[in-house]
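I am opening a notebook on a structure that is new to me.

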Protein chains: 2
Amino acid sequence: MPSTPVTEFTLISDFTKAFEPPPAPWGPGDDCALIAATKAQQCVTTDCVVEGVHFSFPSFSLADVGHKALAVNLSDLAAMGATPSWMLCSLQMPKRYGRREAAALGRQMSKLAQVHGIRLIGGNVTRAPLLAVSLTVCGLLERRHAALLRSGMQVGDSVYVSGPLGNAALGLRQLLDAKRKSPQAIGAQKRPHPHVFVGQFLRPFASACIDVSDGLIQDLGHLAKASGLAIHLDSSHIPIAAPLCLSLAPRQALQLALHGGEDYVLAFSVPSHTKSRFERAVRAKKLAVYHIGQAEAGQGVFVDDVMQNPLSGYRHF
Amino acid sequence: MPSTPVTEFTLISDFTKAFEPPPAPWGPGDDCALIAATKAQQCVTTDCVVEGVHFSFPSFSLADVGHKALAVNLSDLAAMGATPSWMLCSLQMPKRYGRREAAALGRQMSKLAQVHGIRLIGGNVTRAPLLAVSLTVCGLLERRHAALLRSGMQVGDSVYVSGPLGNAALGLRQLLDAKRKSPQAIGAQKRPHPHVFVGQFLRPFASACIDVSDGLIQDLGHLAKASGLAIHLDSSHIPIAAPLCLSLAPRQALQLALHGGEDYVLAFSVPSHTKSRFERAVRAKKLAVYHIGQAEAGQGVFVDDVMQNPLSGYRHF
């Protein structure tokens, strides 16, 4: 069988085929993708994962990279309570990458895209010395729904997180050097699950929200600053992920849960007058959310009344 | 003066300050930028420039990179006839880059952004071994305006380009090895001027449009394919940029104009029944457009009746 020469266009075709993108001009194939007028508000964001910074080979497979690149972007839509709508993908691929690699990246990304109903409508491919995947995603908010912003928290609001913390940071350590590996921690590092459905569920309840990507303390610092308040946490209420408790001393485990990063859970606040209705809805939906603290007058983030360093969070490896 | 430590957040602040971005949630500062509902259609696209592929140092300054990264994206909006609205910027910056470099990149990009009225509303910064700038841009089309697509060309339409060709490709050669340098060619390579206003002017006249980024022949190939037609060009009508005529033999100059790439002019078609109205409007506006050929039944792009190789275009250095 004669093989087609590898060009920008064959790479695009191999990457996109798993997505079954809509035809141009709404989908790929013209100078821009064309989006019809909409009555919804749109939430847009862009995030990029880079080889040697956010992932490295052979610890990660191309499938892992494809998944994670989309997951970290969807997590930002989750934090706004938005419903994923469309995405653009900008790929930087090393010269040794051919059609097989382009397809492997696209296949796993398309699986996560299908779960969340987000459509690939365009992008570009360029050569580069190392693999990098930069996505732009757009989510919709019906007019009757307010976006979940960082700035809406009030004094007295309860502060929650939507899942246990520290797994992804432990997974990163274990990828780099540990002998005993926890599949749960490694999985959280390579294939995070963005809390998109939780974000949509929170819309009628939460006063403010952020996704935890750089570590709980650092991200709560953004929430506190945007709302002009302090957040006080109780260390005994922090949901430390089980693998941390098995492999670290309690104090180390708490520190990793507070500062580790890449959890991609949501941290959010709920006003006191909504709290009981919110907790009933949580039980009815069988969601795992954890009440970790309280918003108070002041500034900064405190754990057991000790002020935390706002720049303590995750640094890329 | 004590210096602030360089973090992701100081780099973002230094990069964005020249743009005077709108406050969150429409501008940067939350998990996503929030865009109000609009009655216009939106054109979105993403393109990336990478160190060592699309530019290299010291031939390019950071100001050149900032300009070019936005120019190549605006050129895609121009090709749709859209009015630039907002942009997201994903920056990959080497570790040696600090606040000065972030500011230098932003300053020049913001100048071009102001010319075209496009607002920076979000983005991200990450470390990477080499500089790369990936932008997503959005342009608006009022409901009464149709987008300029690649697929609308009809048999008998006249084919035009909106400027002389080959300057940027000559500039690239001269940056790499020539002794005699043409400021015009070097300028076209480093600081291309996207034809955004020309694109808007074309909306009531053109049946199809594309921007010339990969070389006239390759890009007309996309137009021809999307419209299901052939395009026949007359070599004597190709507007070869003056510096090519001065420094190359006539045949080489024509080849570079046809295949060189990075011109960022528009190639478009005008139906015969609109042609005289179009040419009057062109004269009234004192625009430089060049009638180079005709759409006919068939497929492919022909110069003086010789079929051209569709993959002949620009390859990154």
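**Entry 1, ground rules.** I note that this is a predicted model, in which local features need pLDDT of at least 70 and side-chain atom pairs count only at pLDDT 80 or more, while totals for chains, interfaces and linings use all residues. Residues are numbered from 1 along each chain as its sequence is written, chains are lettered from A and ligands numbered from 1 in the order in which they are written, and side-chain values use heavy atoms, with hydrogens and water left out.

I looked up the salt bridges (a side-chain nitrogen of Lys or Arg within 4 Å of a carboxyl oxygen of Asp or Glu), and the structure holds 16 of them over all chains. In one of them, A:R99 and A:D14 meet at 2.5 Å, N to O. A:R99 lies in helix α3 (residues 99-116) of chain A and A:D14 in helix α1 (residues 8-16) of chain A, so this pair ties together parts that are 85 residues apart in sequence; helices here are DSSP runs of H or I with at least four residues, strands are runs of E with at least two, and both are numbered from the N terminus. I then checked cover, where buried means under 20% relative accessible area, exposed over 50% and partly exposed in between, with a 1.4 Å probe and protein chains only. A:D14 is buried at 4%, whereas A:R99 is partly exposed at 30%. Salt bridges that share partners join A:D14, A:K17 and A:R99 into one network.

A second bridge joins A:K68 and A:E262 at 2.8 Å, N to O. A:K68 sits in helix α2 (residues 62-80) of chain A and A:E262 in the loop between α9 (250-259) and β9 (266-270) of chain A, 194 residues apart. A:K68 is buried at 3% relative accessibility, and A:E262 is buried at 3% as well.

How many aromatic pairs does the structure hold over all chains? I find 18, where rings of Phe, Tyr and Trp (its six-membered ring) pair if their centres lie within 6.5 Å, and planes under 30 degrees apart count as stacked, over 60 as edge-to-face and the rest as tilted. B:F55 and B:F60 form a tilted pair, 6.2 Å centre to centre with 50° between the planes, and both residues are buried. B:F201 and B:F278 are also tilted, at 6.2 Å and 40°. Because B:F201 lies in helix α6 (residues 196-202) and B:F278 in helix α10 (residues 272-285) of chain B, the pair ties together parts 77 residues apart in sequence. B:F278 is buried with a relative accessible area of 0%, and B:F201 is buried at 14%.

I turned to charged patches, made of residues with over 30% relative accessible area and no salt bridge, like charges being joined within 9 Å. A:K39, A:R143, B:K39 and B:R143 form a positive one; A:R143 lies in the loop between β5 (132-141) and β6 (158-161) of chain A and is exposed at 62%. A negative patch is formed by A:D234, A:E296, A:D304 and A:D305, and A:D305, exposed at 63%, lies in the loop between β11 (300-303) and β12 (306-307) of chain A.

Key: Patches are made of residues with over 30% relative accessible area and no salt bridge: like charges are joined within 9 Å, nonpolar side chains (Val, Leu, Ile, Met, Phe, Trp, Tyr) within 5 Å. Accessible areas come from the Shrake-Rupley method with a 1.4 Å probe; for residues, only the protein chains shown count as cover. Lys and Arg count as positive and Asp and Glu as negative; His and the chain ends are not counted. The place of a charge is taken as NZ of Lys, CZ of Arg, CG of Asp or CD of Glu.
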